[in-house]
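Please open the model in your viewer and keep the selection panel at hand. The tour below moves from one selection to the next and says what is to be found at each stop.

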Amino acid sequence: MKTLVYLLIGIIFGIVMYKSEAASWFRIYEMFQFGSFHMYGIMGSAVVIGMIGVQWLKKKKVKALDGTSLSLTPKDKGVKRYLFGGIIFGLGWGLVGACPGPMYTLVGAGFVSIFLILLGAIIGTFFYGLLKGKLPH
Amino acid sequence: MNWIYEPWPWYIGGPAIAFIMLLLLIIGKQFGMSSNLRTMCSIGGAEKWSDFFNWDWKAQRWNLVVMLGAAIGGYLSYNFLSTNVVNINDALIPQLEAYGIFSADQTYMPTEIFALESLNLKTISILILGGILVGFGARYAGGCTSGHGISGLSNLQLPSLIAIVGFFIGGLVMVHLFYPLIF
């Protein structure tokens, strides 16, 4: 039953990514060219509503349905890993126009070559695991 | 029935993403898509190579189900809910044509990069390299556009703001400085 709920949430997420065109390479290119408000509107409104929602849930001390506290693990402090990691991520995002969520959606939509991006992303994650101890965090 | 195929404006897409994040939070989970990549590494036996993959990934199985759902959502959208044409700012079309991309306003993804007929050493290298950067960067930064961009910012996390600034620096550098060299 719970699995079905997660599957349904995923399906809605996939449809939202595809229908809002956030999964389209063209929209990501357009965003980095400041060619349209579209992507900024999507992310901006998601963050504003998300922020209001999360702050409200915290203020009301709402518990998750299973009785545990909400999964809002604070991120570790620091600058380097977020800035360097973020820039590396951004270079890839700009190059292939797909971030992890939309990757899965595009594979499902039948864009077979996205498997190459997904394969690369798994390799990249693996490289991070290998190099973790040597990187500034 | 044509409205079914129309793309959604930002004011539908953005709030829907926030709704998904909040729904997961109430179920007891944190919205973040790139951790699935780490889970897939662990399933593939990567713990032999690095302790980073020796973690409680079984607790993340729910996220793999969300991932599977995201793929099904893509399948349903492509086949039943969309014309699969993205219209962008017309001013960008000549730029794209100069890069050899002529499919703007005709397809969902540029066929010159993503169609199977277009696969050659160059496009394959671009796709794999781009994927490596995304996967590596997401884990190094501890999250991607969903984990930092939506979950982290909504929880007012400064690290997430730094990561987002990084995402945009990287993307802008790629599109403005490297594209003329690559395409």
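Begin with the two domains of chain B: domain 1 of chain B and domain 2 of chain B bury about 740 Å² between them, 68% of it on carbon and sulfur atoms, where buried area is the accessible area (1.4 Å probe) that two parts lose on being put together, summed over both. On the side of domain 1 of chain B, select M21(B), F31(B) and S34(B), which lose the most area to domain 2 of chain B and together make up 54% of what that side buries.

Before going on, note that this is a predicted model, in which local features need pLDDT of at least 70 and side-chain atom pairs count only at pLDDT 80 or more, while totals for chains, interfaces and linings use all residues. Residues are numbered from 1 along each chain as its sequence is written, chains are lettered from A and ligands numbered from 1 in the order in which they are written, and side-chain values use heavy atoms, with hydrogens and water left out.

**The two domains of chain B**

The contact between them (contact means heavy atoms within 4.5 Å) takes 11 residues from domain 1 of chain B and 10 residues from domain 2 of chain B.

Next select helix 1 (10-27) and helix 2 (35-43) of chain B, each of which supplies at least two residues of the side of domain 1 of chain B that touches domain 2 of chain B. Helix 2 of chain B gives the largest share of that side, 3 residues. By class, the side of domain 1 of chain B that touches domain 2 of chain B has 6 nonpolar, 4 polar and 1 charged residues, with Ala, Val, Leu, Ile, Met, Phe, Trp, Tyr, Cys and Pro counted as nonpolar, Asp, Glu, Lys and Arg as charged, and the others, Gly among them, as polar.

**Chain B as a whole**

Zoom out to chain B, which has 8 helices and 0 strands; helices (H or I, at least four residues) and strands (E, at least two) are DSSP runs, numbered from the N terminus. Along the principal axes, the C-alpha atoms of chain B fill a box of roughly 50 × 45 × 35 Å. Of the 183 residues of chain B, 56% count as buried, where buried means under 20% relative accessible area, exposed over 50%, and partly exposed in between (1.4 Å probe, protein chains only).

**Between the chains**

Now show both chains: 109 residues of chain A are in contact with 122 residues of chain B. The area buried between chain A and chain B is about 10400 Å², of which carbon and sulfur atoms give 77%. Between chain A and chain B there are 34 residue pairs in polar contact (both at pLDDT 80 or more), and the residues on the side of chain A that touches chain B divide into 68 nonpolar, 30 polar and 11 charged.

Leaving aside residues up to four places away in sequence, G124(A) touches I132(B), G135(B) and F136(B).

**A charged network in chain A**

R27(A) and E30(A) both lie in helix 2 of chain A, 3 residues apart, about one turn of the helix. R27(A) is buried, with a relative accessible area of 10%, and E30(A) is buried as well, at 2%. Salt bridges that share partners join E21(A), R27(A) and E30(A) into one network.

Key: A polar contact is a pair of N or O atoms within 3.5 Å; within protein, one must be able to donate a hydrogen and the other to accept it, and residues adjacent in sequence count only if both atoms are side-chain atoms. A salt bridge is a side-chain nitrogen of Lys or Arg within 4 Å of a carboxyl oxygen of Asp or Glu.
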